[in-house]
Amino acid sequence: MNSKQPTFFQVIWDFFCSLKLTIVTLILLALTSIIGTVIQQNRSQQEYLELYGKNLYDLFETLQFFSMYQSWWFLGLLTVISLNLTACSIKRFPRVWKTVTVPLLVPDDGHYKSLANGAELRSPLPPREALRRLTATLGRRFAPATITEQDGKTHLYAEKGAWSRFGVYVTHLSILVVFAGAIIGNIWGFKAYVNIEEGTSTDKVWVQGMKEPLLLGFSLRCDDFAVTYYDGTNRPREFMSILDVVDGGREVISDRKIVVNDPLSYKGITFYQSSYGPAGNATLKMRVKVRETGETLEVSAREGEHVPLPDGGSFAVTGYAESYERFGPAIQMHVNTPDGRHGNPFIVLQNFAGFDEKRGGTYAFTLLDYAKKEYTGLQVKKDPGVWVVWLGCLLMIAGSIAAFSYSHRRIWVTVEEGGKGSIIRLGGNAHRNQPAFALFFDELSQDLGKELDA
């Protein structure tokens, strides 16, 4: 009876080498990732309150569900699975390394009996001639053999795909690299938003969850913004911004057009076209005709502004439409009398200059131009861990191909003198895809037998 008690270090080591720990941690990561998918991450407090109400908001905030990928418990799960992978790799790697670098060159009877594939051949050829033919055939059909002579016997050892043994460790390393990239991005990266009015610039963005803006270290200017619509609808087809980057007083990027899925990147910070909206009231250029005298005047006004008229009254534009019943751009406006009475609203079409002449009244209006500034809404993202994640993905592909598409195949042959000829013993195994190797071994045994009989 073994009364030796494991030390504290051994208990901890066995815990992190446990396959059960791997399975449990992976299940927890999958379940918690569902939470991160269902609950939108890093939104504003107001949005969460509107969605969930005060009680659920307080609960989710306490559990860090709104920024779960930065939460201590999610990072803790990543740490546990990383330690688990590292411990399992360290535990098993020395044995695999020894198998690859120090192969068994002199097998005994017990080793041949332990192999799943084996055969015994007899040949009238003397051992040296049998060895020559076996070496040539093995090199041609499989791989060059290492020859070892010991105790009156000659042993051949040949192998292929030994490097594939390390594929699983490359895969383990790739997972750790991906985790490291994700942690780097979460700690040193950020996601933010900024709205820039046409013709203006900014050097700061607002990170969600932070009260103070974040300085970029350079300025971003929006030269122009435009949106196009599907015909006959108000549904946007495409919206785009023309941006400049000014760094140190010098324009380093000029007139860069960005649209959805075609962002602008500078100094590791990427700006995605995200939204848009009106920036203040529109500016209009109007022609006003006094019907009685035929006098005309051109005035500029802002939407919603009351513009004085010659008789002491005023007019105001209260609405605008890109397409009014397929007649093109139109405004809605009204005229106020000198004593302040509000007139009935009417429509003025930009493409039909004489349209308002038929309305009657003291004045006839023509819309000459309508200009309305927009702001471009940009999502701003910095993720210094993204290239680390890509490196991890490449390692994962390479490791998976090595681990699952190739196998370490080994062949042993022992030649000894037997009666008037030679006795040849064969054995082989593969660490993966055993059925395919069994077929190959049978064919190789037959070929070696034919070579000895030739």
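Buried means under 20% relative accessible area, exposed over 50%, and partly exposed in between (1.4 Å probe, protein chains only). This is a predicted model, where local features need pLDDT of at least 70, side-chain atom pairs count only at pLDDT 80 or more, and totals for chains, interfaces and linings use all residues. Residues are numbered from 1 along each chain as its sequence is written, and side-chain values use heavy atoms, with hydrogens and water left out.

Me: Which side chain meets Asp 339 in a salt bridge?
Reply: A salt bridge is a side-chain nitrogen of Lys or Arg within 4 Å of a carboxyl oxygen of Asp or Glu. Here the N to O distance is 3.2 Å.

Me: How many salt bridges does a search of the whole structure find?
Reply: One of them pairs Arg 122 with Glu 120, with the closest N and O atoms 3.8 Å apart. Arg 122 is exposed at 58%, while Glu 120 is partly exposed at 48%. The search of the whole structure finds 17.

Me: How many residues apart in sequence are the parts tied together by Asp 109 and Arg 425?
Reply: The two side chains meet in a salt bridge at 2.9 Å, N to O. Asp 109 lies in helix α5 (residues 109-114) and Arg 425 in strand β20 (residues 421-430), so the pair ties together parts that are apart in sequence by 316 residues. Helices (H or I, at least four residues) and strands (E, at least two) are DSSP runs, numbered from the N terminus. Asp 109 is partly exposed at 45%, and Arg 425 is partly exposed at 23%.

Me: Is Tyr 169 buried or exposed?
Reply: Tyr 169 sits in helix α7 (residues 167-188). Beyond its neighbours within four places in sequence, its contacts (heavy atoms within 4.5 Å) are Ser 89, Arg 92, Phe 93 and Val 96. Its side chain also reaches the backbone oxygen of Arg 92 at 3.4 Å. At 14% relative accessibility, Tyr 169 counts as buried.

Me: Which residues does Leu 78 touch, not counting those up to four places away in sequence?
Reply: Leu 78 is in helix α4 (residues 72-101). At 5% relative accessibility, Leu 78 counts as buried. Its C-alpha atom is 9.0 Å from that of Ile 183, 105 residues apart along the chain. The residues touched are Leu 29, Phe 179 and Ile 183.

Me: What percentage of residues 387-406 is helix?
Reply: The unreviewed UniProt entry annotates a "transmembrane region" over residues 12-39, 72-90, 166-188 and 387-406. UniProt positions are given in the numbering used here, feature names are shortened, and annotations may be inferred rather than shown by experiment. Over residues 387-406 the end C-alpha atoms are 28 Å apart and strand is 0%. Helix makes up 95%.

Me: Where is Leu 28 placed?
Reply: At 37% relative accessibility, Leu 28 counts as partly exposed. Its place is helix α2 (residues 19-38).

Key. Polar contact = N/O pair within 3.5 Å; in protein donor to acceptor, adjacent residues only side chain to side chain.
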